[in-house]
Amino acid sequence: MALSTYDDLKAVVADYLDRTDLTDQIPDFITMAEASFNRVIRQPDMITKNDSFSIAGRYTTLPTDTLEIVRIVLDLQPVIVLEYMTPEELSERRVSMTGTGKPYYFTTIGGSANQLEVLRSPDQTYTASIIYYTRIPALADGTNWLLTNHPDIYLFGALVEAEPYLKNDDRMPMWTSRLDKALNDLRLQGQRERHTASSLRMRSVALG
């Protein structure tokens with residue numbers, strides 16, 4: 001059976017489970033697997049860039065699909081690359097950096113707010129380039145790059161999340177092992193891609 005759509009995945013999961021009473025639960029297994037993927041996967045496919053991100057105040061709402069900030073650069077001459085601090089470090093530094101001005105530091109405030117906090121508080125609206133990891137789009141909303149390129153991760157991720165219903169199924173160690181291997185292979189692939197891209201940029205600078 002093909003494994004390229006949400007419906008395909010649900011059907012294959014049902015086949016592997018060899019159960020006919022989990023039709024309503026299988027979408028939940030997939031959703032829980034996606035939550036786990038967003039916690040552990042960081043791949044080049046997830047990186048996006050916004051060159052017109054506006055920072056006008058101490059707090060700015062981040063794009064709704066933001067998972068993790070990679071880099072923020074203020075569009076100035078010369079540019080300012082904001083340095084990341086933990087919320088606690090930023091709070092301590094704010095004591096000695098009063099007033100407004102050009103931001104030099106940032107942190108993120110998670111939860112439903114999903115906000116960016118900068119220091120100093122900006123004295124005007126600054127345009128920035130923001131590079132960040134995006135959440136893996138939910139399969140329930142359509143297909144995505146992870147299912148297209150790595151269907152085994154989705155399959156074994158959903159099967160592992162079925163454990164509470166399977167109750168010590170003998171197949172679980174095998175599925176867990178397959179998922180761990182697939183995630184590790186994906187991690188290594190991402191490292192190779194980042195290393196290759198970095199090497200190419202360095203070579204380009206050298207030849208220029």
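Biologist: Is Tyr 154 buried or exposed?

Modeller: Tyr 154 is buried, with a relative accessible area of 0%. Buried means under 20% relative accessible area, exposed over 50%, and partly exposed in between, with a 1.4 Å probe and protein chains only. A word on the basis. This is a predicted model, in which local features need pLDDT of at least 70, side-chain atom pairs count only at pLDDT 80 or more, and totals for chains, interfaces and linings use all residues. Residues are numbered from 1 along each chain as its sequence is written, and side-chain values use heavy atoms, leaving out hydrogens and water.

Now the rings. Rings of Phe, Tyr and Trp (its six-membered ring) pair if their centres lie within 6.5 Å; planes under 30 degrees apart are stacked, over 60 edge-to-face, the rest tilted. The count is 4 aromatic pairs. One of them joins Tyr 16 and Phe 156, edge-to-face, at 6.3 Å centre to centre and 90° between the planes. Tyr 16 sits in helix α1 (residues 6-17) and Phe 156 in helix α5 (residues 151-161), so this pair ties together parts 140 residues apart in sequence. Helices are DSSP runs (H or I, at least four residues), numbered from the N terminus. Tyr 16 is partly exposed at 37% relative accessibility. Phe 156 is buried at 4%.

Phe 37 and Tyr 154 also pair edge-to-face, at 5.4 Å centre to centre and 85° between the planes. Phe 37 belongs to helix α2 (residues 26-40) and Tyr 154 to helix α5, 117 residues apart. Phe 37 is buried, at 2% relative accessibility.

Note on methods: Helices (H or I, at least four residues) and strands (E, at least two) are DSSP runs, numbered from the N terminus.
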